[in-house]
Amino acid sequence: MASPSDSRVKTEHVKAALKEDKGIDATLNTWKVIRFTQKGDNYQSDVFSIYATFMQDGQLQNTSYVVKSGIPQNKFNQYYHNIFEKEANLLLELARTLSSKLIEIGQHVIRVPRGIFYSDTFNSEFLIMNDLRLDNFKMVDRKLGLDLSHTIVALRELGRYHAAWKLLKGKTPEKEMLVRYPYLAIKSWQNFPDEMDDEVDGWFQGSVNNTVKLLKTVTGYEKAIKWLETIKPDFKKVFIEQQNSSEQFAVLTHGDYWSNNMLFRYDSEGCPCDIIMLDLANYTHSSLATDLNYLLFCSMDGNTRKTHLSTFLSAYYNSFATVMKAGGSEMPFSVEELLVEFKAKNIYGALMALIVVPLFIMDSEDAPDFDEINDAEQFIKNQEERMIKQAKKNPLVKTRFLAVFDDLLENGTIA
């Protein structure tokens, strides 16, 4: 189906991207838009691909690119433009700087898409990137989430990304880093600007109310219901406090690190061996444990998380430590301290889960569309009906959603 964002990309844009990618002697022949995502895959942007044929060295060749396009909003257009620009700056500048830092110490580059062309036209912005499907990268089923092997690969790269920032920042004061990279100060959806307070409160309060209604349809969650009703008035405050960090654990986070925001490549035996991190528009300076909690609470079933938690944290820690050692720097924390910080941010993981997991585990035909997502009141109302419906027919409600509260009840976070 065509989308208004398709028409933003013009022939001159594709020509510019092609020359940046293939060289100045590449001559565009033809191009067309091909859509490949499903409803429920993206809510902050529109994603599609461009297939192009071109002449180079006397031969007709072909290639493809992925385009991420901003979605026109009825409200807060400036905010959405800013976070789109924030991601473009990361891919076009900061990620390359982090990669250069890693190359200096004998490590491979940060695994993110390569930004090729960016159009920053207000309310019509788009970013053209390399098509990672050409390198055999694939996305996992967002409903099923990640298993042990996929999660370990994801955590190792996350550790490298976090550690690269630690090395780059060193002892440089935060204010100086903001002068170098001013877009780091742009607030993401995890720390909305003040003018969005009412909208955010509606989302938060509605998500808690819908979760409480769902928990009341099953037995054994009375303490969880009481806990949710207790924190509901201060939901946003608690949410933001959970992102606070001491310098020991402060890194440049991904901010939206779940299974649909990563691509995997597989070896000859079908095991994941490489990863690309996608959708970095929500990165911020925060505790590394926020990314860990988001990933582990929102991208897998409860049994996988509970059974392999020690293995997961060790995989992350060892990857982080490898980069720090190669860069001649000491680890800022021990594996025991990492566990303490992770548990201290479990509430963050739970709050994220009650907001996003119901969306992640829905069938595509049941997922809300862009227009509904942007109408908070209508979304919350419809989401209540969807969640109750899912509870009756979708086994993932128990293994992916209720399991979050099982964890919090078992580890004492909910007393």
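Analyst: Start with what lies over helix H1. The cover on the buried residues of H1 includes strand S1 (27–34), strand S2 (45–56), strand S3 (59–70), strand S4 (115–119) and strand S5 (126–130). Keep in mind that this is a predicted model.

Which residues of H1 are buried? They are His13, Val14, Ala17, Leu18 and Asp21. Seen down the axis of H1, these buried residues fall within an arc of 135°, so they line one face of the helix. An α-helix has 3.6 residues a turn, so residues three or four places apart point the same way.

Now check the length. Helix H1 has 12 residues, residues 11–22. At 1.5 Å a residue, H1 should span 16 Å, and its end C-alpha atoms are 16 Å apart, so the two values agree. Just after H1 comes Gly23, with a positive phi of about 120°.

Next, look at the cores. In soluble globular proteins, nonpolar side chains tend to be buried together. In this model, the largest nonpolar core has 108 residues. Leu94, Leu288 and Phe405 touch the most other members of that core. A second, separate core has 16 residues, and Ala17 is one of them. Others in this second core include Ala26, Leu28 and Ile116. Ala17 is also among the buried residues of H1. Leu28 lies in the range of strand S1 (27–34), and Ile116 in that of strand S4 (115–119). Both strands are among the cover on the buried residues of H1.

Notes: Residues are numbered from 1 along each chain as its sequence is written. This is a predicted model: local features need pLDDT of at least 70, side-chain atom pairs count only at pLDDT 80 or more; totals for chains, interfaces and linings use all residues. Side-chain values use heavy atoms; hydrogens and water are left out. A nonpolar core is a set of buried Ala, Val, Leu, Ile, Met, Phe, Trp, Tyr and Cys residues joined through side-chain atoms within 4.5 Å. Buried means under 20% relative accessible area, exposed over 50%, partly exposed in between (1.4 Å probe, protein chains only). Helices (H or I, at least four residues) and strands (E, at least two) are DSSP runs, numbered from the N terminus. The expected span of a helix is 1.5 Å times one less than its number of residues. The arc is that of the directions from the helix axis to the C-beta atoms. Contact means heavy atoms within 4.5 Å.
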